[in-house]
Amino acid sequence: MQRSQQRAETPPGHVVVIGGGIAGLAAAHHLVATGLRVTLLEATDRLGGKLMTGEIAGVQVDLGAESMLARRPEAVALAEAVGLGDRLQPPATATASLWTRDALRPMPKGHVMGVPGDPAVLGEVLSPEGLARIAEERDLTPTPVGDDVAVGAYVADRLGREVVDRLVEPLLGGVYAGDAYRISMRAAVPQLFEAVKEGGPLLDGVRRIQERAAARQQTGPVFQGIAGGIGTLPAAVGDAVRAGGGEILTETPVLGLTRTEAGWAVRTDTRTIAADGIVLATPAWSAGTLLAAESPAASAELSGVEYASMALVTLAFRRTDIEAYEALRGRSGFLVPPVDGHTIKASTFSSNKWQWVADADPDLFVLRTSVGRYGEEDHLHREDEELVSVSLRDLAAATGLTARPVDTEVTRWIGGLPQYPVGHLTRVARIRDEVAKLPALRICGAVYDGVGIPACIASAHRAADEIAREIIATPTRVRGTGSEAGQ
């Protein structure tokens, strides 16, 4: 038999992707395109992880992530690849505010995650004392950063705590639901970390970042949504995986992974699946449990990753019931500095921000609030009615909104966001080093390369590419058939 005939008759490698969030789906989609056979296993009854839609007062809305960064290509490209390109929509308005010092104040422009390049734009947000403290920076001795430093600690040392408490904290909190004084600058704001390592005043470093961004002349929207909700993306990716020959099994928790002479055995609650390769796209605690037997060192590192939990409170009002509509008009929402002592940490005015929400029912005004930060999980144990009540109380104080909602929905995301404390990237490197010792197994997801949708997709593509190369490079490998083993 000729070599070409042998190759043609060799069954393609079989990769099992564990986890049906956007990272697992992106990995499966990428792997199917290589010609490998793919089975995706998801423990719950739905795909998408923190991307999820639902209904409120008859209008479909996002109950999880609602937008994706468009200045990175991965998420937009995936949406286009699965047929959602014509539904991509930028926000109808991006006029955000800060609810601070007892008023809604315009979000200052010209900052990098809250760190200003020009203090002149901060007059409405900071006190005179806070502005004066920024002016002292050029007289300060350099602040060492070493291999990593907390964003809040460094910025407070250079520009004063008020910049952190009223600007950096709410912006970082909106992304990570974390504590700015713990969050790694190297992991969360890498361009700022590189700028401060270059030396000189922090304000000058921010201006250098802005000049470099301007030189790239990026055009188009910074963020994109999808008509019908970002939560429609997982189903579209899932459909594309199936159309490419992949298999997707929901309500199929994985109970164990075992190396075999042929590759891997993936044990579920109903069967054992033979695989040539594994992509592990689960939260850290789940990945750590599954790797405990085969890589105790990686498992131990993963068990140290902490998470923040939060709740989203979605509210629908009749526009005719809203007397204080001027405070809402034209705004996309507002962020709330924790230092001001309020319960909600942000509010998004969905009917203003997303045209498709407004068009779905022009008589409704839909908004949502978020509650809960790292270390503040007690809020999540409140009853739904209480979370709605505290949200309405804070909304009234911020905007004057006193109308009663016609419908409400509370969505809890327990362990929703991994935390990136100082040293996080070093931990990730150690995890990857240990996992690399295992044949044909890779990890991906929000734990490793960023919590945003594009970052999760990029992480998935990296894992999928490495698995595909390893399997394709070993043609004599005894490949699993993907059928049940141990029968």
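I counted 18 helices and 23 strands in the protein. Both are DSSP runs numbered from the N terminus: helices are H or I with at least four residues, strands are E with at least two. The model is predicted, so I kept its limits in mind: local features need pLDDT of at least 70, side-chain atom pairs count only at pLDDT 80 or more, and totals for chains, interfaces and linings use all residues. Residues are numbered from 1 along each chain as its sequence is written, and side-chain values use heavy atoms, without hydrogens and water.

Overall size came next. The C-alpha trace spans about 80 × 55 × 45 Å along its principal axes.

Strands pair if DSSP finds at least two bridges between them. Strand 6 pairs with strand 11 (residues 223-226) over 2 bridges. I noted Gly225 of strand 11 as the bridge partner of Gln89.

Last, I checked a helix pair. The axes of helix 8 (residues 190-197) and helix 9 (residues 202-216) come within 9 Å and cross at roughly 125 degrees. Axes are lines fitted to C-alpha atoms over the stretch in contact, with angles from 0 to 180 degrees between N-to-C directions. In contact (heavy atoms within 4.5 Å) are Gln191, Leu192, Ala195 and Val196 of helix 8 with Leu202, Gly205, Val206, Arg208 and Ile209 of helix 9.
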